[in-house]
Amino acid sequence: MEGSSSNGDDFAVGCILSIKTSLGDEFQGQIVTFDRPSNILRAQEGPKSGSRRNVRLLKANYIKEFSLLAKAEDPLDPTKCFLDLPSIQAREEAAIRQAEIEAERFGVGVTSEAQRIFDALAKTLPVRWDKTVIVVMNEVRVSSPYHSENVSGGTPAANDRVKKVIEFERKRLHTRGTSQ
């Protein structure tokens with residue numbers, strides 16, 4: 001069975017196909033599901049045995065050609081399929097925590113220059129946003145417009161360190177801005 005178009009009947013669950021996409025990818029995979037309304041195919045790559053396999057979601061419109069390699073049983077047969085739910089849930093929770101940490105690194109309602117100063121401080125110091133104020137080491141605060149004169153709080157040494165980083169970053173931003 002060779003095809004260059006797909007009408008969905010060719011994507012029976014369990015079939016093992018060799019697929020070439022219009023983007024130049026080539027792979028072999030076993031059909032897990034095919035959703036007709038969205039025209040999305042889900043295929044598992046890799047050997048039948050083993051605990052981990054790649055899963056691809058592919059819009060069928062992007063399949064340039066395919067050929068049937070074998071017919072097999074439903075890969076998600078509940079009597080043969082094992083999902084390590086605690087491991088999956090732990091990975092999901094870790095991904096959510098990481099996404100929340102990364103989201104906190106972006107200031108809301110601040111200029112791109114303020115974000116660059118925050119990022120420069122974050123390279124060497126623990127920082128967070130408190131609305132539009134940069135909080136460094138939970139003690140030093142940098143307010144808009146984020147110049148060294150806008151640094152307050154903290155020990156004199158911490159305060160000086162933050163001021164130096166801000167001054168260096170502002171010089172770097174100014175040099176980069178005039179050289180463009």
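Start by selecting isoleucine 19 and phenylalanine 27: isoleucine 19 stands opposite phenylalanine 27, which sits in β3. You are looking at a predicted model, so colour the chain by pLDDT before going further. The protein chain averages a pLDDT of 85, and 84% of the residues score at least 70.

**Stop 1: the chain start**

Select residues 1–8 next. Here pLDDT stays under 50, and the model has 20 contacts for this stretch beyond four places in sequence. Where pLDDT is low, the predicted coordinates should not be read in detail. With that in mind, let's go back to the strands.

**Stop 2: β2 and its two partners**

Show residues 16–21 and residues 26–35 as cartoon. These are strands β2 and β3, paired in the antiparallel sense over five bridges. Now zoom in on the hairpin they make. Four residues lie between the strands, and glycine 24 takes a positive phi near 95°.

Six bridges join β2 to β6, and the two run antiparallel. To find one of these pairings, pick threonine 21: its bridge partner in β6 is isoleucine 63.

**Stop 3: from β3 to β4**

For a landmark, select aspartate 35, which stands opposite isoleucine 40 in β4. The hairpin of β3 and β4 has four residues between the strands, and in its turn asparagine 39 has a positive phi of about 65°.

**Stop 4: around glutamine 28**

Which strand holds glutamine 28? Its place is in strand β3. Serine 18 stands opposite glutamine 28. Display the surroundings of glutamine 28 and, leaving aside residues up to four places away in sequence, you will find that it touches Leu17, Ser18, Gln44, Glu45, Gly46 and Leu69. Now try a distance label from glutamine 28 to leucine 68: the two are 40 residues apart in sequence, yet their C-alpha atoms are 9.7 Å apart in space.

**Stop 5**

Strands of a sheet pair through backbone hydrogen bonds, either parallel or antiparallel.

Strand β8 and strand β9 run antiparallel here and are joined by three bridges. Valine 135 stands opposite arginine 141 in β9.

Two loops of this sheet deserve a backbone check. In the loop between β7 and β8 you will find lysine 131, whose phi is near 60°, a positive value in a residue other than glycine. In the loop between β9 and β10 look for proline 145. A cis peptide bond joins serine 144 to proline 145, with omega at about 10°.

**Stop 6**

Rolling a probe the size of a water molecule over the atoms shows where empty space is left. For the last stop, select Ala120, Lys123, Thr124, Arg161, Lys164, Val165, Phe168, Glu169 and Arg172, the residues that line the second largest pocket. About 150 Å³ of space lies inside this pocket.

Which helix supplies the largest share of the lining? Show residues 156–178: helix α3 contributes six residues, the largest share. Colour the lining by residue class and you will see five charged residues, three nonpolar and one polar.

Notes
Residues are numbered from 1 along each chain as its sequence is written. This is a predicted model: local features need pLDDT of at least 70, side-chain atom pairs count only at pLDDT 80 or more; totals for chains, interfaces and linings use all residues. Side-chain values use heavy atoms; hydrogens and water are left out. On a 1 Å grid over the protein atoms alone, a cavity is a set of points where a 1.4 Å probe fits but cannot get out, and a pocket is an open set with protein on both sides within 12 Å along at least five of seven lines; lining residues have an atom within 4 Å of a point. Grid points are joined across faces, edges and corners, and a volume is the space filled by probe spheres set on the points. Ala, Val, Leu, Ile, Met, Phe, Trp, Tyr, Cys and Pro count as nonpolar, Asp, Glu, Lys and Arg as charged, and the others, Gly among them, as polar. Two strands pair if DSSP finds at least two bridges between them. pLDDT is the predictor's confidence in each residue, from 0 to 100. Contact means heavy atoms within 4.5 Å.
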